[in-house]
Amino acid sequence: MTQHRIPLAGVIGHPIAHSKSPQLHGYWLKKYGLAGHYVPMDVAPDDLGVVLRSLPKAGFVGANVTVPHKETALRLADFVSKRAKLIGAANTLFFGEDGKIYADNTDGFGFMQNLRDGAPDWSPSDGPAVVFGAGGASRAVLQGLLEAGVPKIMLTNRTQARADQLKEEFGDRITVVDWIQAGNVIEEAELVVNTTSLGMQGQPELRVPLDGLQPGAVVTDLVYAPLKTKLLQTAEDAGCTTVDGLGMLLYQAVPGFERWFGTRPEVTDDLRAAVLG
């Protein structure tokens, strides 16, 4: 009789000790009583290619990739999903039986699921969105919002050239706004998204004037340490619907887990508690 291998997956980064992914996938494996393991792997940039090619031989069915490997993993993959190509980075890899590497990016999916979960009354057609930041996380958010049908996105970044670059790639529904003017466009926004690390523990605060926030607007922050950032607290006080950043991390993990371990996992309050630990 043939022995089936226990499926292995993990997260590859450098450093990796801070990653919440092992707690997250470990929780689901235990909850659903599945055979499988999910491990953190600290891999130096120069070794990434060799490691990725050898993982399938060791019984790995896939992996998550995080900083600084997301762009490189995309280049090393044999097949790349449309959304990963658009975002310009991979966060989820699947290995074929033949050892071929399939790269996907589920960050935009995770962002949208979290938004729908936390603000069920929000609809993409409600009106314009304002997005702070033009890094990798911003690209995933833009992909998600544009695919959902948001009519206009006002993008603002401390270094304007990076925002201009994204407009060039993502198209005409994006309007670049000078960082100095960011406070002024907030009043038009039905949705405000912070994709920068500003407001995170150990980082400077997001110093955009927020008095233009309209009651009923939706405000979400990708930062989840602290869970309630100054942006979210200010928005809550202004009568906005707020959505914290933890859910994006949880939801982006769903497609990978389902593909690797054969069960579609649920995002619950218990899971949030377990991951916050």
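**View 1. Lining of the largest pocket.** In this predicted model, 42 residues line the largest pocket, and those that lie nearest its centre are Thr66, Val67, Lys70, Ala137 and Met200. The volume of the largest pocket is about 1,300 Å³. Four elements, namely strand S3 (62-65), helix H3 (70-76), helix H6 (136-148) and helix H10 (246-252), each contribute at least two residues to the lining. Sorted by class, the lining of the largest pocket holds 17 nonpolar, 19 polar and six charged residues.

View 2. Val67, one of the residues nearest the centre of the largest pocket, is joined to Pro68 by a cis peptide bond with omega near 0°. Pro68 belongs to the loop between S3 and H3, and both of these elements supply at least two residues of the lining of the largest pocket. Most peptide bonds are trans.

View 3. Pro226 is located in the loop between S11 and helix H9 (230-237).

**View 4. Lining of the second largest pocket.** The second largest pocket, with a volume of about 360 Å³, is lined by 17 residues, of which Phe60, Val61, Phe95, Gly96 and Glu97 lie nearest its centre. Strand S5 (92-95) and helix H11 (254-261) each provide at least two residues of this lining. The lining of the second largest pocket comprises nine nonpolar, three polar and five charged residues.

**View 5. The six-stranded parallel sheet.** Six strands, in the order S9-S8-S7-S10-S11-S12, make up an open sheet with parallel pairing. Strand S9 (174-176) and strand S12 (241-243) are the edge strands, each pairing on one side only, and from one strand to the next the twist averages 20°. Strand S8 (residues 153-156) pairs with S9 in the parallel sense over three bridges, and Leu155 stands opposite Val176 in S9. Helix H5 (residues 107-118) packs on the sheet, where H5 touches strand S10 (191-194), strand S11 (218-221) and S12, and the direction of H5 makes about 140° with that of S12. Helix H7, in turn, lies across S8 and S9 and runs at about 160° to S9.

**View 6. Packing of H5 against H6.** Two packed helices are described by the angle between their axes and the distance between the axes. For H5 and H6, the axes come within 7 Å and cross at roughly 65°, and the crossing is right-handed. From H5, the residues Asp107, Gly108, Phe111, Met112, Leu115 and Arg116 meet Ala140, Val141, Gln143, Gly144, Leu145 and Ala148 in H6. By class, this contact of H5 with H6 divides into seven nonpolar, three polar and two charged residues.

**View 7. Packing of H6 against H7.** The axes of H6 and helix H7 (residues 160-170) come within 12 Å and cross at roughly 35°, with H6 passing H7 in a right-handed crossing. On the H6 side, Ser138, Arg139, Leu142, Gln143 and Leu146 make contact with Leu166, Glu169 and Phe170 of H7. The contact of H6 with H7 contains four nonpolar, two polar and two charged residues. Gln143 of H6 takes part both in the contact with H5 and in the contact with H7.

Notes. Residues numbered from 1 in each chain as written. Predicted model: local features only at pLDDT ≥ 70, side-chain atom pairs only at ≥ 80, totals over all residues. Heavy atoms only, no water. 1 Å grid on protein atoms, 1.4 Å probe; cavity = no way out; pocket = protein on both sides within 12 Å on 5 of 7 lines; lining within 4 Å. Points joined across faces, edges and corners; volume = space filled by probe spheres on them. Nonpolar A, V, L, I, M, F, W, Y, C, P; charged D, E, K, R; others polar. Axes fitted to C-alpha atoms, helices over the stretch in contact; angles between N-to-C directions. Left-handed = near helix turned anticlockwise from the far one by under 90°. Contact = heavy atoms within 4.5 Å. Pairing = 2+ DSSP bridges.
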